[in-house]
Amino acid sequence: MLNRIDEIQGMGFHLDLVLRKIQKAYLRTFDELGVDTTIEQWVILHQIHQLGEGASQRDIVNENFRNRATTSRVIGGLERKGWISKTRFEGDQKRFKLELSPKGQEILNLTLPRALQLRKLALKDIGASEFETFLRVLDKIGENYEEDHPQ
């Protein structure tokens, strides 16, 4: 199959197809639960939860693969929905502290179990060694496209 990559519309086509299926499953699940959110909003909501009391906007920007402006826009949307609060850290007026509001915690409590089920679904019938190989291959492909990587 590797020698047929160009014949079958390139690997980007396949990666994009799988990504769209995953996104569709998450959005359908959020819709079934009556939660009006985007995947980006949900990911950031979850990251704030994982980071706990020390969650900062800078941390979220550094952990996402989005630029600062996009991340700020998504955080602003979560704030407008009342799912998070954004304040300054005490003694550090440069950094924004992000916290889940009670409504944000409620949304996360509702959606997280289903999101975890979707993550398990992704691994259905895939062995641990197969998944490790898959991740190593994806990392290698990504490295091949790094700007500082010689062609």
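Predicted model: local features only at pLDDT ≥ 70, side-chain atom pairs only at ≥ 80, totals over all residues.
Helices, as the word is used here, are DSSP runs of at least four residues, numbered from the N terminus. Leu138 lies in one of them, helix H6.

Helix H6 covers residues 128–144. At 31% relative accessibility, Leu138 counts as partly exposed, because that class lies between under 20% for buried and over 50% for exposed. Leu138 also belongs to a nonpolar surface patch, which it makes together with Leu15, Phe134 and Leu135. The area of this patch is about 330 Å². Helix H6 gives the most to the nonpolar patch, namely three residues. A residue can join such a patch only with over 30% relative accessible area, and Leu138 has 31%.

H1 provides the largest share, 13 residues. By residue class, the lining of the largest pocket consists of 29 nonpolar, nine polar and eight charged residues.

The second largest pocket has a volume of about 190 Å³. Its lining is made by Gln57, Arg58, Val61, Asn62, Arg68, Ser72, Lys94, Arg95 and Phe96. Helix H3 (57–63), H4 and strand S2 (92–100) each contribute at least two residues to the lining of this pocket, and the largest share, four residues, is from H3. Here the lining divides into two nonpolar, three polar and four charged residues.

Tyr26 is found in helix H1. With a relative accessible area of 13%, Tyr26 is buried, because the limit for that class is under 20%. Along the chain, Tyr26 and Ile39 are 13 residues apart, and their C-alpha atoms are separated by 7.3 Å. Val43 has its place in helix H2 and counts as partly exposed, at 32% relative accessibility. From Val43 to Ile60 the separation is 17 residues in sequence and 9.9 Å in space, C-alpha to C-alpha.

Asp125 sits in the loop between H5 and H6. Its phi is near 65°, a positive value in a residue other than glycine. At 71% relative accessibility, Asp125 counts as exposed, because this is over the 50% limit.

What remains is the set of salt bridges. A pair counts when a side-chain nitrogen of Lys or Arg is within 4 Å of a carboxyl oxygen of Asp or Glu, and by this rule there are three salt bridges. One of them joins Arg20 to Asp16, with the closest N and O atoms 2.7 Å apart. Both residues lie in helix H1, four residues apart, or about one turn of the helix. Arg20 is exposed at 53% relative accessibility, whereas Asp16 is partly exposed at 32%.

Another salt bridge links Glu32 and Arg114, and the closest N and O atoms are again 2.7 Å apart. Glu32 lies in helix H1 and Arg114 in helix H5, so this pair ties together parts that are 82 residues apart in sequence. Arg114 counts as partly exposed, at 27% relative accessibility.

The salt bridge between the side chains of Glu106 and Lys103 has an N to O distance of 3.6 Å. Glu106 and Lys103 both lie in helix H5, three residues apart, about one turn of the helix. Glu106 is partly exposed, with a relative accessible area of 48%, and Lys103 is partly exposed with 38%.

Notes: Residues numbered from 1 in each chain as written. Heavy atoms only, no water. Patch = residues over 30% accessible without salt bridge, like charges linked within 9 Å, V, L, I, M, F, W, Y side chains within 5 Å. Areas by Shrake-Rupley, 256 points an atom, 1.4 Å probe, with all protein chains shown as cover. Buried < 20%, exposed > 50% of the residue type's maximum accessible area, 1.4 Å probe, protein only. Nonpolar A, V, L, I, M, F, W, Y, C, P; charged D, E, K, R; others polar. 1 Å grid on protein atoms, 1.4 Å probe; cavity = no way out; pocket = protein on both sides within 12 Å on 5 of 7 lines; lining within 4 Å. Points joined across faces, edges and corners; volume = space filled by probe spheres on them.
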